[in-house]
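Thanks for making the time this morning.

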Amino acid sequence: MIDTFYGIRQVICRCQDILEPAYVVFLFPLQWIIQLRRRTMGKLQDKVAIVTGAGRGIGRAIALFFAREGARVVCSARSPGEIEEVAKEADGIAVPCDVGEQSNIEALVQKTIDTFGRIDILVNNAGAVARLPTHELPV
């Protein structure tokens, strides 16, 4: 993801070589960023992406980045107000969804298919917490 943060250009990459997945920020000269941007522009043109947890933080940034790259974005989170704002900015749609509820997930998928006809990308950025012992968690 390429972003400008307090006037500094940065690229955020997912780091796979450590025990816990993390995001690492690499600072690059502006010319490198411009060249990278030219190579990636439009890669998601006309793709349909569902982004859960899109109301704020990383999910919001992903939704807006995908929209800039040409994707049609379905913004999803438990807070309707936040995702409606992001969906408007991304020229997408907002579908409230609690990923801890299967019926909500099914409604999210159905609304996406009804609106766009398919799903190309799923970013599962939202989480659900169950405060149960592991052996009692539903599958």
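Let me begin with D91, which sits in the loop between helix 3 and strand 6, and please keep in mind throughout that what we are looking at is a predicted model. D91 comes directly after helix 3, and its phi is positive, about 55°, although D91 is not a glycine. That deserves a remark, because most residues other than glycine have a negative phi. Is D91 buried or exposed? With a relative accessibility of 72%, D91 counts as exposed, the cut-off for that word being over 50%.

There is another residue of this kind, D46, which is likewise not a glycine and has a positive phi near 65°. D46 belongs to the loop between helix 1, residues 30–40, and strand 4, and with a relative accessible area of 42% it is partly exposed.

Let me now go back to helix 3, which covers residues 80–90. Which residues of helix 3 are buried? They are I83, V86, A87 and A90, and because they span an arc of only 100° around the axis, they lie on the same side of helix 3. As for what covers the buried residues of helix 3, the list includes helix 2, strand 5 and strand 6.

That brings us to strand 5, residues 72–77, where five of the six residues are buried, so that the strand is mostly covered. Strand 5 has partners that I would like to take in turn. With strand 4, residues 48–52, it runs parallel and is joined by five bridges, and within that pairing I50 stands opposite V74 of strand 5. With strand 6, residues 93–96, strand 5 again pairs in the parallel sense, here over four bridges, and A77 is found opposite P96 of strand 6.

Finally, how are these strands connected through the helices? Strand 4, helix 2, which is residues 57–68, and strand 5 form a right-handed β-α-β unit, and strand 5, helix 3 and strand 6 form a right-handed β-α-β unit as well. With D91 in the loop between helix 3 and strand 6, we have come back to the place where I started.

Terms used
Residues numbered from 1 in each chain as written. Predicted model: local features only at pLDDT ≥ 70, side-chain atom pairs only at ≥ 80, totals over all residues. Heavy atoms only, no water. Buried < 20%, exposed > 50% of the residue type's maximum accessible area, 1.4 Å probe, protein only. Helix = DSSP H or I, 4+ residues; strand = E, 2+ residues; numbered from the N terminus. Pairing = 2+ DSSP bridges. Right-handed = clockwise from strand over helix to strand, strands pointing away. Arc of directions from axis to C-beta. Contact = heavy atoms within 4.5 Å.
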